[in-house]
Amino acid sequence: MIMVLIKKELLTELRAKESFVTMAAFSMVIIVSFAFTFISPSGRFMEMAPGMFWIMVLFTSVLGLQRSFAYESEFDAFSAILSAPVDRGEIFLAKWISGSIVLTMVETIAIVPFILFLRIEIPANLLEGIGIIFLGNTAIMCLGSFLSGLAMRSRLSNVLVPILLFPLLSPVIIASVKSTTGWVRGLPIGVWETWVFILVSFIVIFGLLGYTLFAHITEE
Amino acid sequence: MNPFFSNRINLFWLATVFLLMVVNVINIIYNTPMVPDQEWAQKIFYVHVPSAWTGFLSYFIVMISGILFLIKKDQKWDRIGLAAAEIGTLFLALVLITGPIWAKPIWGRAWIWEPRLTTTLVLFLIYIGYFMMRSFSDYPERAARTAAVLGIIAFADIPIIVFSVKFWSPEIQSHPQVEMASQPPGILLPFIFSITCFSILYFLMLRYRVHVLKLQGR
Amino acid sequence: MLEIRNLKKSFFHQPVLDGISFSIQEGDSVSLTGPNGAGKTTLLKILSGITSKDSGEIMQSFKSFLYLGHAPGIYAGLSPVENINLIANLHHCALDSQRVDKAFSDFGLANHKYEASRVLSQGMLQRLKWMLASLMDWELLLFDEPYSALDEEGQSLAGTLFQSWKGERKTILFVDHNTERSQKLSSRQFILQGGLLEEDSVL
């Protein structure tokens with residue numbers, strides 16, 4: 001059943017391309033704004049690059065979540081899912097997984113101008129970096145999908161999601177930036193593994209909580 | 001007419017809390033020893049730490065009543081959760097005000113990212129979102145459910161926030177409050193007394209607020 | 001069998017359903033009428049699990065049900081055929097593609113099969129709901145205003161379908177504002193008013 005739901009999420013996104021296009025465009029805008037605010041035309045900015053990267057991811061993920069849940073509200077499509085014999089926890093998992101996939105796709109595109117415009121040196125050990133980004137994405141989308149479901153029937157849900165999400169994600173923001181910094185500086189993994197541990201525990205805790213509690217917030 | 005305080009037991013506790021608080025303040029001002037280097041600034045700890053304790057206790061109660069609300073679907077638990085959230089946020093605001101008052105003369109700066117204060121600030125922000133969620137919800141019965149879930153999520157986040165914030169700025173030392181236990185009894189006893197006063201005050205406030213919410217028909 | 005006992009639901013501390021009890025047997029076609037804001041839609045949404053109840057018991061022995069709400073209830077960005085397949089998958093229901101093709105032409109939607117559902121008119125979306133109901137296996141149908149926005153051709157299609165369901169002794173609970181029509185279609189009539197439900201036994 002979860003595969004049906006994930007397929008549905010990705011198909012809706014593939015047809016409309018709303019999340020993807022808005023997220024990709026928004027990341028470009030953020031990158032250029034970073035360049036104007038933090039960068040002198042001659043400098044290199046490796047020190048700030050991890051922070052800028054995760055701010056970009058955080059902001060674009062909120063846009064993606066908004067679109068993804070707007071699909072559910074239009075035509076009250078969500079009622080078709082809710083009235084079907086589908087486990088509510090699986091609805092959460094499908095949103096989480098598909099959201100992470102779309103976010104990763106956007107990052108794959110946005111990373112090119114990010115490296116190019118902000119003159120980033122590509123660090124060694126690409127696999128480590130991919131692992132960190134994967135964990136960060138998964139953690140952000142876990143709580144993001146949950147809170148979007150929580151807020152989807154409120155007025156001002158577009159505003160509520162970031163206001164609730166960002167402080168709740170503060171461990172993820174810190175851990176992602178710290179581990180990315182460790183990786184970019186080429187430090188051995190032992191130095192920054194605590195941060196990876198924080199990311200993993202966040203994913204486990206909120207993945208389980210989200211799966212169990214989603215049933216209580218989907219109903220009108 | 002105020003039915004809450006016309007109840008004799010409640011009236012007794014109101015008088016007791018009032019008396020205890022007066023004794024507490026006098027005790028803190030005149031009776032506690034001056035700590036070298038900190039002088040008067042240190043005395044704010046007799047308010048700061050009990051406020052933090054009641055604030056976090058309150059958020060713990062929000063979580064417990066959230067779980068009970070989801071299981072029993074009894075409005076009573078929603079009222080307790082909302083009251084605890086409100087009062088907890090009030091006490092954490094007190095923590096955020098008294099922290100910089102102490103830090104300014106001691107550390108020379110009103111705000112440094114001390115782990116426990118940072119955690120308090122993050123939680124305070126989460127609960128601002130909590131109240132916004134409650135008031136912007138489509139109807140109060142659903143708001144009760146989302147608030148219960150949010151209370152659980154917020155509390156589950158606390159240990160991760162504490163842990164990450166601590167490692168985020170390891171160079172910044174925590175306040176010396178952990179060592180409070182090893183302080184001479186001149187400090188420890190008034191401190192325990194103050195925490196007791198705050199706890200009794202807290203539970204009276206909670207009872208009163210739950211009562212008011214019930215009268216409002218929530 | 002569907003049995004409801006003392007079902008309650010409030011919005012803004014106002015009870016909309018104030019202790020409703022009824023039971024529906026297999027083969028019943030039940031119409032639900034009542035003034036605006038009486039809670040008809042809310043009742044259907046609670047029965048289908050979209051809205052939570054405050055208290056009360058819902059017991060049922062139907063293996064599967066289909067809920068068709070007032071809104072289209074499909075993904076606006078997906079085409080009608082994608083939506084039909086999705087909903088069938090969610091209900092663990094295997095659809096034969098030839099049957100689907102035939103249904104699309106029967107309901108006059110063959111030209112819009114692959115377009116985004118967003119471009120369909122209200123009437124077409126309503127036809128799509130009827131088509132969905134005709135394709136899927138269900139033992140209980142919960143249908144909110146089945147006749148809204150249908151043109152005459154659509155109404156006669158719907159009427160034929162409804163009669164065939166009655167012939168198969170399928171169980172249907174539907175909301176309709178047209179008293180005359182709902183009395184003709186249904187075997188039992190429920191009236192929801194002031195938070196309470198009564199069965200109209202005058203007939």
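Modeller: Helices (H or I, at least four residues) and strands (E, at least two) are DSSP runs, numbered from the N terminus. The model is predicted, so local features need pLDDT of at least 70 and side-chain atom pairs count only at pLDDT 80 or more, while totals for chains, interfaces and linings use all residues. Residues are numbered from 1 along each chain as its sequence is written, chains are lettered from A in the order in which they are written, and side-chain values use heavy atoms, with hydrogens and water left out.

A cavity is a set of points, on a 1 Å grid over the protein atoms alone, where a 1.4 Å probe fits but cannot get out; lining residues have an atom within 4 Å of a point. Grid points are joined across faces, edges and corners, and a volume is the space filled by probe spheres set on the points.

The whole structure has 4 cavities of 30 Å³ or more. The largest cavity holds about 150 Å³ of space. Its lining is made of 16 residues, and those nearest the centre are Ser19(A), Gly64(A), Ser68(A), Gly99(A) and Val102(A).

In chain A, helix H1 (2-16), helix H2 (18-38), helix H3 (49-73), helix H5 (88-117) and helix H6 (126-151) each give at least two residues to this lining. H3(A) supplies the largest share, 5 residues.

By class, the lining has 7 nonpolar, 6 polar and 3 charged residues. Here Ala, Val, Leu, Ile, Met, Phe, Trp, Tyr, Cys and Pro count as nonpolar, Asp, Glu, Lys and Arg as charged, and the others, Gly among them, as polar.

How values were computed. 1 Å grid on protein atoms, 1.4 Å probe; cavity = no way out; pocket = protein on both sides within 12 Å on 5 of 7 lines; lining within 4 Å.
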